[in-house]
2 protein chains.
Amino acid sequence: MAPLLATYRISATERDIRARAEALAVEQSIEMPVAAIPAGRMLDDVVAKVHDLRPDGDAFRVTLALAPVTTGSEASQLLNMLFGNCSLQPEVELLDVQMPEPFARAWPGPRFGIDGLRERTGARGRPLTCSALKPQGASVEHLAHLAGTFAAAGLDVIKDDHGLANQATGPFSRRVPAVQAAVDAANRASGGRTIYAPTFSGGPRAIAEQARIAKDCGVQAALVAPMLVGVPVFIELQEMLGVPVLAHPAFAGSPRIAPPLLLGKLFRLFGADATIFPNHGGRFSFGRATCLAIADEARRPFATLAPALPVPAGGMSVERVAEMRADYGDDVMLLIGGGLLAADDIARRSREFVAAVRAEQGMP
Amino acid sequence: MAPLLATYRISATERDIRARAEALAVEQSIEMPVAAIPAGRMLDDVVAKVHDLRPDGDAFRVTLALAPVTTGSEASQLLNMLFGNCSLQPEVELLDVQMPEPFARAWPGPRFGIDGLRERTGARGRPLTCSALKPQGASVEHLAHLAGTFAAAGLDVIKDDHGLANQATGPFSRRVPAVQAAVDAANRASGGRTIYAPTFSGGPRAIAEQARIAKDCGVQAALVAPMLVGVPVFIELQEMLGVPVLAHPAFAGSPRIAPPLLLGKLFRLFGADATIFPNHGGRFSFGRATCLAIADEARRPFATLAPALPVPAGGMSVERVAEMRADYGDDVMLLIGGGLLAADDIARRSREFVAAVRAEQGMP
């Protein structure tokens, strides 16, 4: 199989860069002196090679050819080969990875993707709308009431705040059935098809129990922070649950991995049907180009993988709907949390959000 | 319970820092406008507070008081509350967290710790010695032979390279029984007590299967990269296995979390019996002070948690044994991988390593 082509940005002097790049190739494959490897298959097939090296501003852009076999086609090991040890080397950033088509095809990717989310919610020809149940510490009754309000207003997706985990104030086992029941009741009353994505968190045993509870009460989506529970757990949960998963970027911001690669391409490879990221101009400092690149990686043609839905968020407001739509087009989910919750009349503000998104199709 | 005191370094102007700190307190707790929270229990008990704020060079040092209840006493949620969303804010670094004693005591911490590792290996009054089976891609027979060589030389711990996962060239199910058998044979011949720590990787199902295989063939330790498999999986594996675990720092280097906090204090809280980190003067750029601080966090008194064994590594050599011992004292494990593997006579170099460590007790 053709190699994985992983591109790094490395700070080094022109004199040192060749040796630095060769050392990175060793670090990210065999991690021992190459001189001790006898000539033959291992040297040819397992040791990473410097595929390309060019100046990039005041640093260098180095592309390594990594052997797909070293990843064992396993998510944690893929991350390990791409950025395991060199995560400890501050002069190295991971920018991108190009995968041969047969490699990418071996991953599940989004099981539902954009089409699947549209089908479940009935949202056609426009962005999807989403809000969040907050704050943690609120009673289950309060959160369920809020979910009912959002669903009645016609939001497509209601997600738990990613801070709602399994705390004593609203444990998953009490919270999720109550919220799902409130959403179901609102759907029955309105004829709507709002879906609810609770936060799955904790260890594998806890998550398996959460999956059982979620299935029992008919939950139609899930919210998971892959970098908190572990990417392999994120993948196994998808198999257990069989519903669309929204990836949350908590704890995913700081690795020196380009956000379009991690939040766009890799989260999609690992099965995210939607990927939440901090939009520019909110509480976070990602620039517009970075945000558009995340959305592009989530949606562009990529082997046989379904496109994932980009979800710009993080301090958005109803006033920004038109601008976000102009930025991202229709294949996007607009997530406004605090912007609705802080309103004097949450129900009305939610209806205004829904109307603002539907307005341009003449479907208010 | 008293709050968790989490200290961050924040880049901001003097004019903005108070508002920036207050915003961080909101981001790391309720993540919605405080104005929308009614006065009462939630505002008092759940919203994080700015506990301290002081200049720190050209930035500021901000300590937040976080409510322990928001963590649900769960590892992924603790990381979420400490650094979930603000990992996406490049102006914020997490420096440290102080935990009230009852909070820390609720975590398992190291089940074996330094004493347990000494007991299993019979290593007393001196640093422990460790090497690594490499490279990935080598045959199982080669790796087993290498393990036998290391064990015969009297190394205390033999670990898999963290790049040895479950690849087709040496899958866990074939590799681990073969290596353990080679170590057992060498122990029988020498009367030694070398233990072997294979790499556990993949999803929860794969790891449970690996645990079964490891138990069946009498494996006495484990190597895990918590940031690759997920911290909650790391914790559950400890319960399944019942043997000491060595934490590997792969993928753990890049978060803007101070290494002594993540690799020292938190990995120990999450149960690492030993924590591997890149020593200064090797292939990585951690400075000496950072390395000593990691070792200090691993070993210092911390609630009722057993001390964990610091394992400086990453391009070390037999020539540095005396210096590392002077740096770290005796409660340390010295890990030399490539430095042994690149020798013309690996067996002799391994014996020299063991002798160098034992020399100072007059136990050559």
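Two strands are taken to pair if DSSP finds at least two bridges between them. In this predicted model, β8(B) and strand β9 (residues 245-247) of chain B pass that test, with three bridges in the parallel sense. Within the pair, B:A222 stands opposite B:V245 of β9(B).

These strands belong to an open sheet of four, ordered β8-β9-β10-β11 in chain B. Its pairing is parallel. The edges are held by β8 (222-224) and β11 (309-313) of chain B. Each has a single partner strand, so one side of each is left without a neighbour in the sheet. From one strand to the next, the twist averages 25 degrees. Helix α12 (residues 288-299) of chain B lies across β10 (274-278) and β11 of chain B. The helix runs at about 175 degrees to β10(B).

Chain B also holds an open sheet of four strands with antiparallel pairing. The order here is β2-β3-β1-β4. Strands β2 (49-56) and β4 (92-98) of chain B form the edges, each pairing on one side only. Neighbouring strands are turned by 20 degrees against each other on average, direction ignored. Helix α1 (residues 17-27) of chain B packs on this sheet and touches β1, β2, β3 and β4 of chain B. Its direction makes about 140 degrees with that of β2(B). Inside the sheet, strand β1 (residues 4-10) and strand β3 (residues 59-66) of chain B run antiparallel and are joined by seven bridges. One residue of the pairing is B:L5, whose bridge partner in β3(B) is B:A65.

The interface between the chains comes next. The size of an interface is often given as the accessible area lost when the parts come together. Between chain A and chain B, the buried area is about 5,700 Å². Carbon and sulfur atoms give 59% of that area. The contact takes 71 residues from chain A and 71 residues from chain B.

Helices meet across this boundary. Helix α8 (residues 204-216) of chain A packs against helix α10 (residues 231-241) of chain B, with the axes 8 Å apart and at an angle of about 110 degrees. Angles of 65 to 115 degrees count as roughly perpendicular, so α8(A) is roughly perpendicular to α10(B). From α8(A), the residues in contact are A:P204, A:R205 and A:A206. They meet B:P232, B:V233, B:E236 and B:E239 in α10(B). By class, this contact has four nonpolar, no polar and three charged residues.

Charged pairs were also counted. Side chains of opposite charge can pair when their charged atoms come close. There are 53 salt bridges over all chains, and nine salt bridges between chain A and chain B. The side chains of B:E31 and A:R283 meet in a salt bridge at 3.1 Å, N to O. Within chain A, A:D216 forms a salt bridge with A:R212, the closest N and O atoms being 3.0 Å apart. Both residues lie in helix α8 of chain A, four residues apart, or about one turn of the helix.

Most residues other than glycine have a negative phi, and most peptide bonds are trans. A cis peptide bond joins A:K134 and A:P135, with omega about -10 degrees. A:P135 sits in the loop between β5 (128-133) and α6 (140-153) of chain A. In chain B, a cis peptide bond joins B:K134 and B:P135, with omega about -10 degrees. B:P135 lies in the loop between β5 (128-133) and α6 (140-153) of chain B. A:E31, a residue other than glycine, has a positive phi near 55 degrees. A:E31 is found in the loop between α1 (17-27) and α2 (41-45) of chain A.

Note on methods. Residues are numbered from 1 along each chain as its sequence is written. Chains are lettered from A and ligands numbered from 1 in the order in which they are written. This is a predicted model: local features need pLDDT of at least 70, side-chain atom pairs count only at pLDDT 80 or more; totals for chains, interfaces and linings use all residues. Side-chain values use heavy atoms; hydrogens and water are left out. Axes are lines fitted to C-alpha atoms, for helices over the stretch in contact, and angles run from 0 to 180 degrees between N-to-C directions. Helices (H or I, at least four residues) and strands (E, at least two) are DSSP runs, numbered from the N terminus. Angles under 35 degrees count as roughly parallel, over 145 as roughly antiparallel, 65 to 115 as roughly perpendicular and the rest as oblique. Contact means heavy atoms within 4.5 Å. Ala, Val, Leu, Ile, Met, Phe, Trp, Tyr, Cys and Pro count as nonpolar, Asp, Glu, Lys and Arg as charged, and the others, Gly among them, as polar. Buried area is the accessible area (1.4 Å probe) that two parts lose on being put together, summed over both. A salt bridge is a side-chain nitrogen of Lys or Arg within 4 Å of a carboxyl oxygen of Asp or Glu.
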